[in-house]
Amino acid sequence: MPDFLTAGGILAEMITPAVLISASGTMVLSTSNRLGRVVDRIRVLAEAAEQLPDDSDTEEIVEKRVQIAEQVVWLSIRLGLLQTAIITFYVAIGLLVSSSVTVGLSASMNGQMSWIPVGFGLIGAVALLFGSVTLVREARMSVWSTRHELEHIRKVVDRKTRVRQAQNEKPEGGQGETGT
């Protein structure tokens, strides 16, 4: 007759990695969303690049080309980081599930080879940590890239504001005014 307290203890130990598995799943979902946003941003930049005139060398067009090129570089790096993170989270899930399964296998062998589930669990937790650190790097890069893009937008707004002000100014001394 099986010892149900021991069986319950074994099941509890097998379920323990589930908390980390759940955390890994949440990180996969978050990373997938971030990955989708980067892909969407790349498509927007590709469309903007296609719409730029080929034969124009105005300051505004040149700046826009440079800004798009810089954004593409940063988005490429972010894409690589997100790919690394999501793969790492999937590996973490596999290791943590392996840890759970090997707890049961180790228990069926009277605790022999109990280091196997511990090893899987530790490596899975380290993978989860590595994926999280990778996401921190990607988030910092995202903020830097956004700030750089905002600086470009400020320049464009300043330039367009100066042009409008120059167009709206009247010549001094009434010159050019038509009177009745």
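The legends below describe close-up views of a predicted model. In this predicted model, local features need pLDDT of at least 70 and side-chain atom pairs count only at pLDDT 80 or more, whereas totals for chains, interfaces and linings use all residues. Residues are numbered from 1 along each chain as its sequence is written, and side-chain values use heavy atoms, with hydrogens and water left out.

**View 1. The chain as a whole has four helices and zero strands.** Read from the N terminus, the elements follow the order α-α-α-α, where helices (H or I, at least four residues) and strands (E, at least two) are DSSP runs numbered from that end. Of the 180 residues, 25% count as buried, a term that stands for under 20% relative accessible area with a 1.4 Å probe and protein chains only. Among contacts (heavy atoms within 4.5 Å) with a separation of 6 or more, 81% come from residues 24 or more positions apart.

**View 2. The largest pocket has a volume of about 240 Å³.** Of the 13 residues in its lining, Arg37, Arg41, Arg78, Ser142 and Thr146 are the closest to the pocket centre. A pocket here is an open set of points on a 1 Å grid over the protein atoms alone, where a 1.4 Å probe fits, with protein on both sides within 12 Å along at least five of seven lines, and lining residues have an atom within 4 Å of a point; the volume is the space filled by probe spheres set on the points. Helices H2 (18-51), H3 (59-108) and H4 (115-168) each supply at least two lining residues, and the largest share, six residues, comes from H4.

**View 3. Helix H2 has 34 residues and spans 50 Å from its first C-alpha to its last.** This reach is close to the 50 Å expected at 1.5 Å a residue, the expected span being 1.5 Å times one less than the number of residues. The buried residues of H2 are Ser24, Val28, Thr31, Val38 and Leu45, and their cover includes H3 and H4.

**View 4. Threonine 134 lies in helix H4.** Threonine 134 counts as buried because its relative accessibility is 3%. Leaving aside residues up to four places away in sequence, threonine 134 touches Leu81, Thr84 and Ala85.

Methods:
Buried means under 20% relative accessible area, exposed over 50%, partly exposed in between (1.4 Å probe, protein chains only).
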